[in-house]
Amino acid sequence: MPELIFWGIMSLTRFIRDAQSKFEAIPGPAAIFYDAVPARILQKPERKIADDIVQQIGSGTMVDLGCGTGYLSIAIAKRAPNLQVHGIDLSRQMVKLARRHAAGVKNVQFELGDAADLAFEDNSVDFIVSTGSLHHWRRPGKVFDECYRILKNGQEGWIYDPCPDALKKEADTAKKEYGWLRRLILIKITEMHGFSRQEYDSKIKGVLQQSRFKDSFQMELTDMWMKTILKKSRS
């Protein structure tokens, strides 16, 4: 029986990873499921990101790429009332749910949009964040170049994407932070969504080195993520 469960989980993992390569925008029913289960599991890790961001920037314009159902964008907007937060997602259902969650929060808005073709002027954005979206991008190099285009000189983008190696590397810390069961769930989520450290070091780093950020990015494991810091150099 344990062997059957193992192979069942492995098959599900392969199925989900294959589906992600085919659908850049999450379909409506999947968006509803995401909002009901995974998004809520990820709220604690994302609260840490929100805290880090508001220490980095408290005013101006911020863009959340692949904002999903909006929890991170809303958390940041509530913490930083002088920051205008724009959540962008390809899924109509995700945007619809995010707008519903954001009722009453005046400094956040959600729009349907493509991260590879952003509707922002050159040098107009003070900060960019993305969590759990990178592994869905069909044209990551184009998205990175769009980030470079819209960022103001000297400003940063923080791209977080799941990495199971992060949770496994700091096992004791993760168990203390999340408990053993939630840690196991998060590991499985990161295996289904995201890349291994080896894939980040080869595939994603290779794309970045061909982008406009080729001389100004760094990658680090943190919590359950591979965090990629993009910095637009001052001209």
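**Reading strands, helices and loops in a predicted model**

Colleague: How many bridges join strand 1 to strand 4, and in what sense do the two run?

Modeller: Strand 1 and strand 4 (residues 125-131) run parallel and are joined by four bridges. Strand 1 also pairs with strand 2 (residues 83-89), in the parallel sense and over six bridges. In that pairing, methionine 62 is opposite valine 85 of strand 2.

Colleague: Is strand 1 largely enclosed or exposed?

Modeller: As a general idea, the side chains of a regular strand alternate between the two faces of the sheet. The case here is strand 1, residues 60-65: five of its six residues are buried, so the rest of the structure largely encloses this strand. A residue is called buried when its relative accessible area is under 20%.

Colleague: What describes two packed helices?

Modeller: Two values do: the angle between the axes and the distance between the axes. Here, helix 4 (residues 43-56) packs on helix 5 at an angle of about 40°, and the axes are 9 Å apart. That angle makes helix 4 oblique to helix 5. The crossing of helix 4 past helix 5 is right-handed.

Colleague: Which residues make the contact?

Modeller: On the helix 4 side they are Gln43, Glu46, Arg47, Ile49, Ala50, Asp51, Ile53 and Val54. Helix 5 contributes Tyr71, Leu72, Ala75, Ile76 and Arg79.

Colleague: Where does asparagine 123 lie, and what is its phi?

Modeller: Asparagine 123 is in the loop between strand 3 (108-112) and strand 4. Its phi is near 55°, a positive value in a residue other than glycine. With a relative accessible area of 40%, asparagine 123 is partly exposed. Aspartate 223 is another non-glycine residue with a positive phi, about 55°. The loop between strand 6 (217-222) and strand 7 (225-231) holds aspartate 223. Its relative accessible area is 24%, so aspartate 223 is partly exposed.

Colleague: Why does lysine 142 count as partly exposed?

Modeller: Partly exposed covers the range between buried, under 20%, and exposed, over 50%. Lysine 142 has 36% relative accessibility, so that label applies. Lysine 142 belongs to helix 7 (residues 140-150). From C-alpha to C-alpha, lysine 142 and valine 207 are 9.5 Å apart in space, although 65 residues apart in sequence.

Technical notes
Residues numbered from 1 in each chain as written. Predicted model: local features only at pLDDT ≥ 70, side-chain atom pairs only at ≥ 80, totals over all residues. Heavy atoms only, no water. Buried < 20%, exposed > 50% of the residue type's maximum accessible area, 1.4 Å probe, protein only. Pairing = 2+ DSSP bridges. Axes fitted to C-alpha atoms, helices over the stretch in contact; angles between N-to-C directions. Parallel < 35°, antiparallel > 145°, perpendicular 65-115°, else oblique. Left-handed = near helix turned anticlockwise from the far one by under 90°. Contact = heavy atoms within 4.5 Å.
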